[in-house]
Amino acid sequence: MSRTFYNFARQTGAVRRTVSITAVRMQKRKVNFHTLGCKLNFSESSTLAREFEQGGFQRVSTAEAADISVINSCSVTEHADKKCRNLIRRIHRRNPEAIIAVTGCYAQLKPREIAAIEGVDLVLSNNDKGELFRRVAALPGKGRAQFTSCDAEELTNFFAAFSSGDRTRTFLKVQDGCDYKCAYCTIHYARGASRNMPIADMVEEARQIAAAGQREIVITGVNTGDFGRTTGERFIDLLRALDSVAGIDRYRISSIEPNLLTDEIIDFCASSAKFQHHFHIPLQSGSDSVLARMRRRYTTARFAERIEAVRRRMPDAFIGIDVIVGFPGETEEDFRTTRDFLERIAPAYLHIFPFSERPGTPAVDFPDKVQPSVATRRVESLEALCRDLHGSFCARAEGTTDEVLFESTMRGGMMFGYTGNYRRVKAPYDRTRINTICRVRLGRMDPETFDLEGEIIA
């Protein structure tokens with residue numbers, strides 16, 4: 001089977017990806033990959049890169065000239081769209097003969113817009129992402145741009161993916177799409193309805209990752225906790241199955257909606273030796289009136305109760321939170337309520353985004369727009385709060401011991417790694433410690449970077 005996606009319209013069983021190398025006979029050509037946006041895109045780009053390499057291409061860095069440049073685009077904000085357009089133009093100016101292929105969320109939402117940019121040869125919807133290798137390999141050279149498009153309701157294919165190339169950590173895609181249709185978000189239109197592959201296939205992917213020597217898996221998706229929509233399975237059952245995979249020492253859940261973070265999941269993560277005390281939980285606003293206009297599925301009281309439930313079982317858990325400021329109708333009182341709420345629940349980190357109006361979403365027509373200068377001021381206020389919260393979280397570990405998985409990056413003679421609850425630690429570089437979990441005594445925190453000094457305990 002040469003197609004690289006899982007088609008639920010046929011309701012087939014477990015599907016393994018194969019790449020027909022014999023279908024492409026050519027001299028080695030160079031290809032590079034430019035990934036914009038989320039970790040889900042990163043896992044998909046990495047999988048596409050492996051297909052090109054298996055098909056006889058040589059992968060080179062984004063800084064090198066290539067015969068083919070693949071862009072996996074994002075469209076979460078207008079800035080993301082602009083970044084993609086500028087990247088296309090920069091690649092074309094630098095290397096006019098390179099074939100440029102674009103896929104991803106921006107390509108799904110605005111294929112004609114991208115195809116009209118000079119230098120673009122191929123634009124594929126998210127439904128056709130699995131065909132990218134075959135379509136690019138078949139191109140004889142540069143020519144008039146080709147593109148595919150489809151409506152959100154037609155996005156039924158599942159492109160199975162996991163990242164590679166990092167010796168320590170991989171991102172495993174377990175779910176795609178979202179059924180929530182929040183007022184500000186294009187994800188449903190760019191990714192379609194929530195869908196997934198069976199647990200058995202996810203376990204097999206994890207075994208491949210373990211066989212490659214990577215020790216940590218980050219479980220990722222668009223609405224990760226919604227896993228099971230198309231197979232009748234549950235996210236907690238996936239976690240339990242992955243927990244049994246030999247060779248993987250650590251798992252992290254990349255993001256989970258507060259309404260999907262059940263007591264069962266919290267209890268499991270608290271008792272598992274592999275699942276880390278690390279949660280990324282989108283909030284978006286600390287004002288109930290703003291949450292209602294956003295069409296979120298919880299209140300601040302429910303959100304706070306979920307945070308408390310995590311801390312009861314895992315008192316020192318890392319909790320990261322997404323926040324949007326400047327949503328239409330957000331008053332100064334709403335913003336103060338949000339800031340006060342965040343100070344009260346005291347997460348370890350804030351991911352802060354100014355509201356970006358996206359065509360086709362309900363929020364476009366909402367009244368009482370917030371001026372960009374006001375949104376910028378609110379972002380800066382929360383960034384200052386984030387520094388205080390993150391610094392306090394990291395400083396609490398001074399003088400304790402913990403386990404750190406060290407990565408291969410070396411800067412200034414130091415290697416870096418993370419504790420289970422995502423505090424970053426630095427220690428003198430030792431090649432033998434890379435991709436190993438070490439018991440470390442944590443010393444002084446750097447007040448600028450928040451890195452903790454680490455002394456490996458023999």
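**Exercise 1.** What is the handedness of the crossing of helix 7 and helix 8? Describe how these two helices pack in this predicted model.

*Solution.* Two packed helices are described by the angle between their axes and the distance between the axes.

Step 1. Helix 7 covers residues 199–211 and helix 8 covers residues 235–243; they pack at an angle of about 35°, and their axes are 10 Å apart.

Step 2. The crossing of helix 7 and helix 8 is right-handed.

Step 3. On the side of helix 7, Ile199, Met202, Val203 and Ala206 take part, and they meet Asp237, Leu238, Ala241 and Leu242 of helix 8. Sorted by class, this contact has seven nonpolar residues, no polar residues and one charged residue.

**Exercise 2.** Characterise the second largest cavity by its volume and its lining.

*Solution.* Rolling a probe the size of a water molecule over the atoms shows where empty space is left.

Step 1. The count of cavities of 30 Å³ or more is two.

Step 2. The second largest cavity holds about 60 Å³ of space.

Step 3. Its lining consists of 13 residues, and those nearest the centre are Asn126, Asn157, Phe159, Asp176 and Arg195.

Step 4. By class, the lining of the second largest cavity has six charged, four polar and three nonpolar residues.

**Exercise 3.** Locate Arg339 and identify the residues it touches.

*Solution.* 

Step 1. Arg339 belongs to helix 12, which spans residues 332–345.

Step 2. Leaving aside residues up to four places away in sequence, Arg339 touches Ser381, Leu382 and Leu385.

Step 3. Arg339 and Arg377 are separated by 38 residues in sequence and by 13 Å in space, C-alpha to C-alpha.

Key. Residues are numbered from 1 along each chain as its sequence is written. This is a predicted model: local features need pLDDT of at least 70, side-chain atom pairs count only at pLDDT 80 or more; totals for chains, interfaces and linings use all residues. Side-chain values use heavy atoms; hydrogens and water are left out. On a 1 Å grid over the protein atoms alone, a cavity is a set of points where a 1.4 Å probe fits but cannot get out, and a pocket is an open set with protein on both sides within 12 Å along at least five of seven lines; lining residues have an atom within 4 Å of a point. Grid points are joined across faces, edges and corners, and a volume is the space filled by probe spheres set on the points. Ala, Val, Leu, Ile, Met, Phe, Trp, Tyr, Cys and Pro count as nonpolar, Asp, Glu, Lys and Arg as charged, and the others, Gly among them, as polar. Axes are lines fitted to C-alpha atoms, for helices over the stretch in contact, and angles run from 0 to 180 degrees between N-to-C directions. Helices (H or I, at least four residues) and strands (E, at least two) are DSSP runs, numbered from the N terminus. A crossing is left-handed if the near helix is turned anticlockwise from the far one by less than a right angle, and right-handed if clockwise. Contact means heavy atoms within 4.5 Å.
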